[in-house]
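Here is a structure to look through by question and answer. Keep the view open as you read.

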Amino acid sequence: MRSTMKRAVRLLVLAVLVACGAGRPGAALNPPAPAPPPAREPATAPTPSVAPAAAIPPALTLEERAARLHASAIVVDTHDDITSGILEDGFDLGRPTGTTATDLPKMRTGGITAEFFSIYVDSRFYEHPSSREGGGARRALDMIDITYQQIERHSQDLVLATSADDIRHAKQEGKIAVLMGIEGGYAIEDSLYALRDFYRLGVRYMTLTHATNNDWADSSGMGATPPKPRHHGLSGFGEEVVREMQRIGMLVDVSHVSDETIEDVLRISTAPVIASHSSARALCDAPRNLSDEELRGIAATGGVVMVNFFSGYLDPGYRTAMHAFFARHGVELAALDKKGMKLSEIHAAALKMGAGDLPKVPLGVLIDHIEHIAKVAGVDHVGLGSDFDGVDSMPQGLQGIDGLPKITLELLRRGWSDEDVKKVLGENFLRAFAAAEAHARTTKTTLSGDGSTKRLE
């Protein structure tokens, strides 16, 4: 089957891959008690007892402290594209191949509590629907079903979650919560009825666009410059989509949308807004990243910006090299894509072209983005949205989901408190998620009975 593992990302990411203290234990901690003064009582009088030094546990190393903190925390990743590989290549989470960033053993090693499986709908399902593959809604339904298949097949490890409380219960039970977020508003096929049905099936956020504009919202695109505006933000129907999402408790996701679309979303929002996988534009000038003004705007809604791990959105040097590589080999890579080759095959071809020589991005660059967003938007408004299995270049040490504990260690190394680290790992998202649910309850409406019946004009 034709592989569409981030097909839109391919032409960028294929460029991407294409792409462009403590003292020592023992006596030093408990020096011997000074000798008592000369006894005035008989020699048989009791003497004070001193606890043996060995009873004092040694101080934890930074690594040990980080490991304990990570294991105790709720760790949420809001964007993972492993669903594409499951649907297109028949991958099973319980049968690791060593070629994916995500599988069950890696999820356990990484200490993940909740993972959002991306219900990724490429714009081609909107622009060129086919009788064989269907349109956007059919694609989303197929991806939702394979997500359920994995949960049912691995029920000893995975559990479906649709609320913040479900995530906390999963942590208590020692299971991994699986949630779903639609990537690409093409999925609803301009229907608020379909939007509500997707909510019923468990979808809890929707990215309004992907690589191209749709009938009601403009995209940031995937290249160096955004596409030509079609609506200059949201159309009237687009505003209705946002209002309906917030009425029913589905998080509005502004990753992939244009600056004008973000402006419109923030103007009309009455509930927290998220960016499920975006980084800071001040540190890496990509249209897909968020400006400081946008970071503050999302924070003002009570929302959270989940940092994307893709090297091309983190490091300007990598981004420059990526675009230079794509300028040299983009035509060749596009031709391979048109042949319907799998992503792994295109990756191998790109390596032969020299993609492996692109700069390696240190883990610290990702931490820089986390710290910048915390500084600008506030420490309560930053989280993790990896994009695992959707892009091929991650910071060193984060090639897979099993590398997540390294983020905890690096934050502690930079002086972050345990409480603030836990916020980044998952508590910030849980707070925003719960607030969106609470907002929906305040409307005192039913899901479909009181739903909007407006249609695209």
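**Reading the labels**

The protein chain has 17 helices and nine strands. Helices (H or I, at least four residues) and strands (E, at least two) are DSSP runs, numbered from the N terminus. This is a predicted model: local features need pLDDT of at least 70, side-chain atom pairs count only at pLDDT 80 or more, and totals for chains, interfaces and linings use all residues. Residues are numbered from 1 along each chain as its sequence is written, and side-chain values use heavy atoms, with hydrogens and water left out.

Q: Why is aspartate 122 called buried?
A: Buried means under 20% relative accessible area, exposed over 50%, and partly exposed in between (1.4 Å probe, protein chains only). Aspartate 122 has 1% relative accessibility, so aspartate 122 counts as buried. Its place is the loop between β2 (114–120) and α5 (124–127).

Q: What makes the pairing of the side chains of aspartate 122 and tyrosine 120 a polar contact?
A: A polar contact is a pair of N or O atoms within 3.5 Å; within protein, one must be able to donate a hydrogen and the other to accept it, and residues adjacent in sequence count only if both atoms are side-chain atoms. The two side chains make such a contact at 3.1 Å. Another polar atom to look at is the backbone nitrogen of arginine 124, 2.8 Å from a polar atom of the aspartate 122 side chain.

Q: Why is aspartate 190 called partly exposed?
A: Its relative accessibility is 23%, so aspartate 190 counts as partly exposed. Aspartate 190 lies in the loop between β4 (176–183) and α8.

Q: What makes the phi of aspartate 190 worth a look?
A: Most residues other than glycine have a negative phi. Aspartate 190 has a positive one, near 60°. Histidine 232 is not a glycine either, yet its phi is positive, about 55°. Histidine 232 sits in the loop between β5 (203–207) and α9 (236–248).

Q: Why is tyrosine 199 called buried?
A: Its relative accessible area is 17%, so tyrosine 199 is buried. Tyrosine 199 belongs to helix α8 (residues 192–201).

Q: Which residues is tyrosine 199 in contact with, leaving aside neighbours within four places in sequence?
A: Contact means heavy atoms within 4.5 Å. The partners are Arg204, Ile248, Gly249, Met250 and Leu447. Tyrosine 199 and isoleucine 248 are 49 residues apart in sequence, but 8.1 Å apart in space, C-alpha to C-alpha.

Q: How do you know that helix α3 is mostly covered?
A: Six of the eight residues of α3 (residues 82–89) are buried. Among them are Ile82, Gly85 and Glu88. Their cover includes β1 (76–80), β2 and α6 (136–153).

Q: What makes a set of residues a nonpolar core?
A: It is a set of buried Ala, Val, Leu, Ile, Met, Phe, Trp, Tyr and Cys residues joined through side-chain atoms within 4.5 Å. The largest one here has 106 residues; Phe198, Met206, Leu208, Phe309, Ile370 and Ile407 touch the most other members. Helix α15 (residues 363–377) gives the most to this core, with nine residues.

Q: How do you know that α17 has a span close to the expected one?
A: The expected span is 1.5 Å times one less than the number of residues. Helix α17 (residues 418–442) has 25 residues, reaching 33 Å from first C-alpha to last, close to the 36 Å expected.

Q: Where is the kink in α17 centred?
A: The bend at a residue is the angle between axes fitted to the seven residues ending there and the seven starting there. The kink is about 65°, centred on valine 424.
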